[in-house]
Amino acid sequence: MLGSLRSIDPVRRRLILVVAAVLLIIGAWLLLERWQKPPDIVLLVVDSLRADHVSAWGHEQKTTPHIDALARD
């Protein structure tokens with residue numbers, strides 16, 4: 001699909017991207033309006049951490065106090 005977007009005139013390509021962004025924003029706004037309170041979501045991305053070394057997941061030593069606090073909440 002990216003190849004087909006590159007072959008379009010730059011002005012039209014920008015227009016398509018702007019329209020897509022506006023539709024995405026409107027869709028997100030409509031979804032958020034359905035909830036009284038937006039859901040609490042935490043996305044934690046860790047590059048090099050072994051799951052068996054996280055205290056909240058059963059490791060005996062207190063190795064990850066901040067992740068433990070998030071898990072408690």
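Q: What share of the accessible surface of the chain belongs to carbon and sulfur atoms?
A: In this predicted model, the accessible surface of the chain comes to about 7100 Å², and 63% of that area belongs to carbon and sulfur atoms.

Q: What makes up the secondary structure of the chain?
A: The chain has 3 helices and 0 strands. Read from the N terminus, its elements follow the order α-α-α.

Q: Why is Val-54 called buried?
A: Buried means a relative accessible area under 20%. Val-54 has 0% relative accessibility and therefore counts as buried. Val-54 lies in the loop between H2 and H3. Of the 73 residues of the chain, 7% count as buried.

Q: Which residues is Val-54 in contact with, leaving aside its neighbours within four places in sequence?
A: With those neighbours set aside, the contacts of Val-54 are Leu-49, His-59, Thr-63, Thr-64 and Ile-67.

Q: Why is Ser-55 classed as buried?
A: Its relative accessible area is 10%, and the limit for a buried residue is under 20%; Ser-55 is therefore buried. This residue is placed in the loop between helix H2 (10-34) and helix H3 (65-72). Beyond its neighbours within four places in sequence, Ser-55 is in contact with Gln-61, Lys-62, Thr-63, Thr-64 and Asp-68.

Q: What makes the pairing of the side chains of Ser-55 and Asp-68 a polar contact?
A: The two side chains are 3.5 Å apart in this contact, and a polar contact requires a pair of N or O atoms within 3.5 Å. The pair accordingly counts as a polar contact.

Q: How do you know that Arg-50 forms a salt bridge with Asp-52?
A: The closest N and O atoms of Arg-50 and Asp-52 are 2.7 Å apart, and the cut-off for a salt bridge is within 4 Å. The structure holds 1 salt bridge. Side chains of opposite charge can pair when their charged atoms come close.

Q: Why is Arg-50 called exposed, and why is Asp-52 called partly exposed?
A: Exposed means over 50%, and partly exposed lies between that limit and the buried range. Arg-50 has a relative accessible area of 52% and is therefore exposed. Asp-52, at 44% relative accessibility, therefore counts as partly exposed.

Q: Why does Trp-29 count as exposed?
A: The relative accessibility of Trp-29 is 51%, and exposed means over 50%; Trp-29 therefore counts as exposed. Trp-29 is found in helix H2. Together with Val-18, Val-22, Ile-26 and Leu-30, Trp-29 makes a nonpolar surface patch of about 470 Å².

How values were computed. Residues numbered from 1 in each chain as written. Predicted model: local features only at pLDDT ≥ 70, side-chain atom pairs only at ≥ 80, totals over all residues. Heavy atoms only, no water. Helix = DSSP H or I, 4+ residues; strand = E, 2+ residues; numbered from the N terminus. Buried < 20%, exposed > 50% of the residue type's maximum accessible area, 1.4 Å probe, protein only. Polar contact = N/O pair within 3.5 Å; in protein donor to acceptor, adjacent residues only side chain to side chain. Contact = heavy atoms within 4.5 Å. Patch = residues over 30% accessible without salt bridge, like charges linked within 9 Å, V, L, I, M, F, W, Y side chains within 5 Å. Areas by Shrake-Rupley, 256 points an atom, 1.4 Å probe, with all protein chains shown as cover. Salt bridge = Lys/Arg side-chain N within 4 Å of Asp/Glu carboxyl O.
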